[in-house]
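Trainee: Could you walk me through this one? I'm new to reading structures.
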Amino acid sequence: MATTKGPSSSSSSSSSSGQGQTKGKKPQRAAMLTIGDEILNGSVVDSNTSHLASRLAAKGILLKRVEVIGDEVEDIVNTSRRLMSQFDLVFTSGGIGPTHDDKTYEALALSFGLKLVEDPVARSGLEASLAAKGLSLNDSRRRMLLLPHPAPILRHPEMWCPVVAIENRCFVMAGVPSVFHKMVDVALASLPDGPVVQKVNLYTMEREGEIASVLQEAERFFEGLSIGSYPRDGPPLDPLATSPSPSSYNVRVSLSSYDPETLLQAEEFLCSHFAMTKSS
């Protein structure tokens, strides 16, 4: 490992930018609330979290928390209130079907002082969908039409089930992945784009224990920089390999920032300490 230098000496631009300087607009901070006993007991594998996380990142929205709770009205009420008080946006998944354990609409209406009102547009769409399958609307299915009101309703042209956007901040969505994906499309289309995170991967033959202190120093100095360190998990390296690459390395270091200049300065700093290969 090379002799350690402070971040301020890694490049002239980093010393001129100044520690603690905030550049550009900051992204909105979001939380995801997944509702369903089936997730907690392992009956269903959750894939909605990774989908939402990638879509929010592309939109310039920062997903900061994910919580999973069961189908209890009190838990939904308390958790939704807390998340709404802590984050700019909340996205829920699950609990809006026709069965006894689908309580999300009821709980969110109670949480935010709203009524449950049947949505006529959704009813028309559901009736048409049922008729095409030789089915009819009954009391259980009608529960899916009782939406928290008043609240904006966002609709997808390919499905009858809408997204309820409570206060334009809490987006209520289904748990079925194929439906959830379309609802995410509708919800994100209603929101402004934020600053998109920039990422770069650096590969090194060093071990984590040898680079940890320098990574910590970089993350502490460069405001808005996030650093991930990931040891290689796979077959043994070629013993003759001496130069790092995406296919031959001991540690992958992931850098991310909403500011390209910060990202470049951090990259220069780390590469001044270790032999590293870059990959976007």
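Trainee: How many helices and strands does the protein have?

Mentor: First, this is a predicted model, where local features need pLDDT of at least 70, side-chain atom pairs count only at pLDDT 80 or more, and totals for chains, interfaces and linings use all residues. Residues are numbered from 1 along each chain as its sequence is written, and side-chain values use heavy atoms, leaving out hydrogens and water. Helices (H or I, at least four residues) and strands (E, at least two) are DSSP runs, numbered from the N terminus. Going by that, the protein has 10 helices and 12 strands.

Trainee: Is the protein a compact globule or more spread out?

Mentor: Take the radius of gyration over C-alpha atoms, and for the globule rule use 2.2 Å times the number of residues to the power 0.38. The rule gives 19 Å for 280 residues, but the protein has 24 Å, well over that, so it is more spread out.

Trainee: What is the strand order in the open sheet of 6 strands?

Mentor: Two strands pair if DSSP finds at least two bridges between them. The edge strands, β2 (61-69) and β6 (153-154), each pair on one side only. With mixed pairing, the order is β2-β1-β3-β8-β7-β6.
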